[in-house]
Amino acid sequence: MTRRMADPAFRDDQMSRIHEPQVSAINALCDRLMEELPGYSVPYIAPHYGASTAVILALSSNPGPQAGGATGSGMLSRENNDGSAARMGDIYETVGLTDDQVVPWNAYPWHVHETHPNGLPNRLIDDGLDALKRLLDLHPNIQSIVAHGGDAHRSVRQLVSKKRFGEYADARGLKTWNTRHTSNRAFILREPEKSIALEGVCEVYREAMVHAGLTPLSAGKLDLPVPMTGPELRAAARDELLPLLPGAVEAEARIRDYVHALPPQRSQRLLVELLSRDLIS
């Protein structure tokens with residue numbers, strides 16, 4: 001099931017159990033982080049997760065409004081009432097990942113979504129690293145980190161760098177993967193690109209599961225689109241992207257997401273077409 005946090009009874013039951021053994025350590029860390037930065041909330045980890053037994057960390061940017069906002073659940077959960085959480089739950093079910101095996105976290109765990117809705121500045125990424133390291137210290141079973149979206153990608157890149165915690169990550173055998181964020185915004189794609197992008201995230205989790213000693217469910221057959229020529233791809237890209245680009249601010253991110261969702265052969269064909277056109281002109 002998904003979006004169960006929309007049910008007050010389910011939400012209240014989860015909140016009443018945030019100090020159960022499987023999440024007691026991580027939620028005590030949330031309390032300490034709130035004490036260290038008064039005025040900012042850190043959503044708890046919902047107790048339907050088994051953080052104490054988790055072998056995979058799912059890292060995103062910062063708590064969204066359905067987790068840490070005024071009307072949110074107050075918890076990180078794949079059951080939160082938003083598309084991002086629901087999509088994450090669908091991914092876990094597709095690859096066979098259970099709540100006892102994975103735990104969510106954020107590159108910046110304090111709720112700042114209203115002031116930074118379009119991404120985190122470098123200083124906040126840096127500030128969140130210590131909290132991430134403290135979480136990992138509390139959960140020695142975690143072997144794989146799946147980073148969703150640009151902010152999380154920057155966070156894990158710093159985490160494993162020699163200047164920060166690279167030796168620590170090596171000693172623990174930690175491995176990181178970068179993949180697409182699960183937000184609706186990251187999936188503003190038409191079919192079949194949306195299905196391909198979703199399967200790409202699932203494949204990342206399968207690799208992370210294998211590294212952590214788990215056996216993922218195999219991928220089902222994905223109907224791939226008929227190959228297009230370079231000019232056809234360029235025309236299709238224009239038709240799909242133009243309605244989604246309200247202004248120059250979001251254009252680069254939308255185009256990057258679109259290209260990232262293309263199968264390698266199609267993105268390479270599009271690149272060849274664009275370079276050929278530029279060189280000839």
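This is a predicted model: local features need pLDDT of at least 70, side-chain atom pairs count only at pLDDT 80 or more; totals for chains, interfaces and linings use all residues.
Helix α8 has a buried set of residues. Glu193, Ile196, Ala197, Val201 and Cys202 are buried there. Val204, Tyr205, Arg206, Ala208 and Met209 are buried in α8 as well. After the helix comes Gly213, with a positive phi near 90°.

Now step back to the whole chain. The protein has eleven helices and six strands. Of its 281 residues, 47% are buried. Consider the contacts with a separation of 6 or more: residues 24 or more positions apart account for 76% of them.

A pair of aromatic rings is described by the distance of the centres and the angle of the planes. How many aromatic pairs does a search of the whole structure find? The search finds two. In one of them, the rings of Tyr92 and Tyr205 have centres 5.6 Å apart and planes at 75°. Planes over 60 degrees apart count as edge-to-face, so the Tyr92 and Tyr205 pair is edge-to-face. Tyr92 lies in helix α4, residues 83-95, while Tyr205 lies in α8, residues 193-211. The pair therefore ties together parts that are 113 residues apart in sequence. Both tyrosines, Tyr92 and Tyr205, are buried.

The rings of Tyr108 and Trp110 also pair. Their centres are 4.9 Å apart and their planes stand at 50°, so this pair is tilted. Tyr108 and Trp110 are buried too.

Rings also meet charges here. Over the ring of Tyr168 sits the charged end of Lys133, 4.4 Å from the ring centre. Arg180 places its charged end over the ring of Phe187, 5.5 Å from the centre.

Next comes the core. The largest nonpolar core holds 69 residues. Which of them touch the most other members? They are Ile56, Leu57, Leu97, Trp105, Leu136 and Tyr205. Leaving aside neighbours within four places in sequence, Leu97 is in contact with Ile56, Val102 and Leu214, among others. Its contacts also include Tyr92 and Tyr205, the two members of the edge-to-face pair. Met209, buried in α8, is another contact of Leu97.

Ser77 takes us to a loop. This serine is found between β3 (75-76) and α4. Is Ser77 buried or exposed? Its relative accessible area is 8%, so Ser77 is buried. The side chains of Ser77 and His48 are joined by a polar contact of 2.7 Å. A polar atom of the Ser77 side chain also lies 2.8 Å from the backbone nitrogen of Glu79. Not counting residues up to four places away in sequence, Ser77 touches Met5, Ala46, His48, Tyr49 and Ala85.

The last stop is Gly220, in the loop between α8 and α9 (230-241). Gly220 has 58% relative accessibility, so this glycine counts as exposed.

Conventions:
Residues are numbered from 1 along each chain as its sequence is written. Side-chain values use heavy atoms; hydrogens and water are left out. Rings of Phe, Tyr and Trp (its six-membered ring) pair if their centres lie within 6.5 Å; planes under 30 degrees apart count as stacked, over 60 as edge-to-face and the rest as tilted. Helices (H or I, at least four residues) and strands (E, at least two) are DSSP runs, numbered from the N terminus. Buried means under 20% relative accessible area, exposed over 50%, partly exposed in between (1.4 Å probe, protein chains only). A charge sits over a ring if NZ of Lys or CZ of Arg is within 6 Å of the ring centre and within 35 degrees of the ring normal. A nonpolar core is a set of buried Ala, Val, Leu, Ile, Met, Phe, Trp, Tyr and Cys residues joined through side-chain atoms within 4.5 Å. Contact means heavy atoms within 4.5 Å. A polar contact is a pair of N or O atoms within 3.5 Å; within protein, one must be able to donate a hydrogen and the other to accept it, and residues adjacent in sequence count only if both atoms are side-chain atoms.
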